[in-house]
Amino acid sequence: GAAGLSPSIFEWLRNEMQPTLVEFIESYNHKTSVCIYANNPMDPTAGYYPYYSDGPSFSNNYADHRQIPAYLLEMHAPKPFKQRVLGAYAFIYGVAKVVGEKSDSLRAAISADRSARVDPVPIA
């Protein structure tokens with residue numbers, strides 16, 4: 001995330017990848033949203049926050065620590081199988097399309113983060 005070890009990649013994913021990817025996926029009539037977590041799992045009235053990258057033990061955080069751009073794709077299981085497969089296809093196709101169109105700025109973001117990398121990366 002923005003407070004993680006790959007701020008340039010985070011900004012690229014947020015500002016260059018996400019808007020184009022969301023537009024592409026939604027053009028195929030699939031819905032997108034960020035993953036949310038409850039502020040208090042025992043009290044839904046306490047609200048929610050978007051989960052981007054909170055700690056090294058979750059989802060795509062290894063990528064953040066190693067300066068590798070990554071998304072975690074999760075499909076809502078109650079959706080019909082065909083809808084989930086087509087949604088994943090639209091996502092993967094959209095990622096490839098955006099990376100192909102914006103590869104120069106992506107490479108610049110990766111390079112910026114790798115040149116600032118702490119090595120070895122403290123995980124604990």
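Helices, as named here, are DSSP runs of H or I with at least four residues, numbered from the N terminus. In this predicted model, tyrosine 89 and tyrosine 93 both belong to one such run, helix H3, where they sit 4 residues apart, about one turn of the helix.

The protein chain as a whole contains 4 helices and 2 strands, in the order α-β-β-α-α-α from the N terminus. Of its 124 residues, 24% are buried. The chain exposes about 8400 Å², and 59% of that area comes from carbon and sulfur atoms. Of the contacts between residues at least 6 apart in sequence, 60% join residues at least 24 apart.

In soluble globular proteins, nonpolar side chains tend to be buried together. Here the largest nonpolar core has 11 residues, among them Ile9, Trp12, Leu13, Phe91, Val98 and Ile110. Helix H1 (7-27), helix H3 (81-101) and helix H4 (103-115) each give two or more residues to this core. H1 supplies the largest share, 6 residues. Valine 98 is one of the core residues; beyond its neighbours within four places in sequence, valine 98 is in contact with Trp12, Glu16, Met17, Thr20 and Leu21.

The aromatic rings give a further set of links. The whole structure holds 4 aromatic pairs. One of them joins tyrosine 89 and tyrosine 93: the ring centres are 5.9 Å apart and the planes meet at 15°, so the pair is stacked, since planes under 30 degrees apart count as stacked.

Definitions and conventions
Residues are numbered from 1 along each chain as its sequence is written. This is a predicted model: local features need pLDDT of at least 70, side-chain atom pairs count only at pLDDT 80 or more; totals for chains, interfaces and linings use all residues. Side-chain values use heavy atoms; hydrogens and water are left out. Buried means under 20% relative accessible area, exposed over 50%, partly exposed in between (1.4 Å probe, protein chains only). Contact means heavy atoms within 4.5 Å. Accessible areas come from the Shrake-Rupley method with a 1.4 Å probe; for residues, only the protein chains shown count as cover. A nonpolar core is a set of buried Ala, Val, Leu, Ile, Met, Phe, Trp, Tyr and Cys residues joined through side-chain atoms within 4.5 Å. Rings of Phe, Tyr and Trp (its six-membered ring) pair if their centres lie within 6.5 Å; planes under 30 degrees apart count as stacked, over 60 as edge-to-face and the rest as tilted.
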